Amino acid sequence: MHVNATVPSSFPYSLCISALKNLETLIEVAAQQYYGDDKRWNFIAVTEALKVLFRLALFKNCGYKILLDGGETINNERHLKTSTSQHRPNAFTKHGGHNASGYSGYLNGHDQWNLEGRALSALSRFGEKARMISAPAWSYGVQHQHGMFNPSATTPERPTLSTILSEQGHRGALFVTGEVLFITRPLIYVLLIRKYGSRSWTPWFLSLAVDLLGTCFLSYATSASTSRKNQRSCLSDSEKDELRRRKMLWAFYLMRDPFFERYTRRKLEGAEKVLEPVPFVGFLTAKIVELIIGAQTRYTYMSAS
C-alpha cells in the first residue's frame, strides 16, 4: 500500500533552519578568529548551503507553498476556497455526513453573527460533542481503520511539482522559480563574495537582481489576474505578509558593502557630526552610529537570510 504521496514527512526542517540561524553568527566569529577574514566565507558558504537544502526540502514537503519567515514558521494554510464552506451557516452537518436541514433551513436569510445564529451554532457544537461522547468505542476503531486503508479521505494530497506545472502552466513554473530564487539568493551572494570579494559591486548587484527577479516572478504568478480556477493563486494573509516582509528586507542592501562604505556610512558620519554639539543627542547618535558600523562588519547581521 503506497501512501507516501499524502503523508507529509516528519523531519524537523523548520527546527534545523532555526538552529542554523541561531548558530551562524557564532560560526562566523569562530571562523574569523581561527582562520582569518578571507577563510570565514568558506564556513559561511557551508552554513548557507545547509539552509538552502533544508528550505528546498521544506518547500517540497509543504506542497510548494511560500515559506514563512525563511522556513522557520510552518505554512499550514490551505488555499482551497471550498474549505471555508463548512464554517458557513448552511454547512451544519450531522455525525456521519448528512445535512442538518433543520438548522440550515432556519439560518437561510439570517446573519450568522447575530444572536440567534450564535446560539444555534453553540447548540450545534454542543450536540456534536454529545454525539461523539455517546458513540460506542468500536465506532472509533472502525473510523481509525477506515482512515488507515483510505488515507486520502483524511489527509489532503500534497501537490507535486509535475501537478503544479501541468495545472498552472507557466504561472506555476514562475511561482516555483521565484521561490527557489529567494531560497538560493543568500548562497549565491556568498559564493560571489568568495570569488570577487566583499568590496566588489558584482555580488551586490547580482544579489539584488536575483531578489528583484524572484519577487517579480512571485507577484506575477500570484496576481489577481490569474484564473479563478487556479486556487493556489489565492494567497493567505500570512503569505501576503511574508511577501511584504521580503520587500522590506531590501533595505539591508543599504547596509552591505560596497554601498555601505561609499554612501551609507558617509551619511551616518555626517549626521553624527551635525548632532555632536547637541547635549545627550550627540552622544546617543555617536553610540548608535558606532553600533551600526560594528554590526555591519558581520555578514550574518546583514544577510537577511
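Me: Where is Phe280 found?
Reply: This is a predicted model, in which local features need pLDDT of at least 70, side-chain atom pairs count only at pLDDT 80 or more, and totals for chains, interfaces and linings use all residues. Residues are numbered from 1 along each chain as its sequence is written, and side-chain values use heavy atoms, with hydrogens and water left out. Helices are DSSP runs of H or I with at least four residues, numbered from the N terminus. On that numbering, Phe280 sits in the loop between helix 10 and helix 11.

Me: Is Phe280 buried or exposed?
Reply: Buried means under 20% relative accessible area, exposed means over 50%, and partly exposed lies in between (1.4 Å probe, protein chains only). Phe280 has 60% relative accessibility, so the residue counts as exposed.

Me: Is Arg185 buried or exposed?
Reply: Arg185 is placed in helix 7. Its relative accessible area is 4%, so Arg185 is buried.

Me: Which side chain makes a polar contact with the side chain of Arg185?
Reply: A polar contact is a pair of N or O atoms within 3.5 Å; within protein, one must be able to donate a hydrogen and the other to accept it, and residues adjacent in sequence count only if both atoms are side-chain atoms. For Arg185, the distance is 3.3 Å and the partner is the side chain of Ser207.

Me: How far apart are the N and O atoms in the salt bridge of Lys21 and Glu72?
Reply: Side chains of opposite charge can pair when their charged atoms come close. A salt bridge here is a side-chain nitrogen of Lys or Arg within 4 Å of a carboxyl oxygen of Asp or Glu. The side chains of Lys21 and Glu72 meet in one, with an N to O distance of 3.2 Å.

Me: How many residues apart in sequence are the parts that Arg245 and Asp69 tie together?
Reply: The side chains of Arg245 and Asp69 form a salt bridge (3.7 Å, N to O). Arg245 lies in helix 9 and Asp69 in the loop between helix 2 and helix 3, so the parts they tie together are separated in sequence by 176 residues.

Me: Which helix holds both Arg265 and Glu269?
Reply: Arg265 forms a salt bridge with Glu269, their closest N and O atoms being 3.1 Å apart. The two residues are 4 residues apart, about one turn of the helix, and both lie in helix 10.
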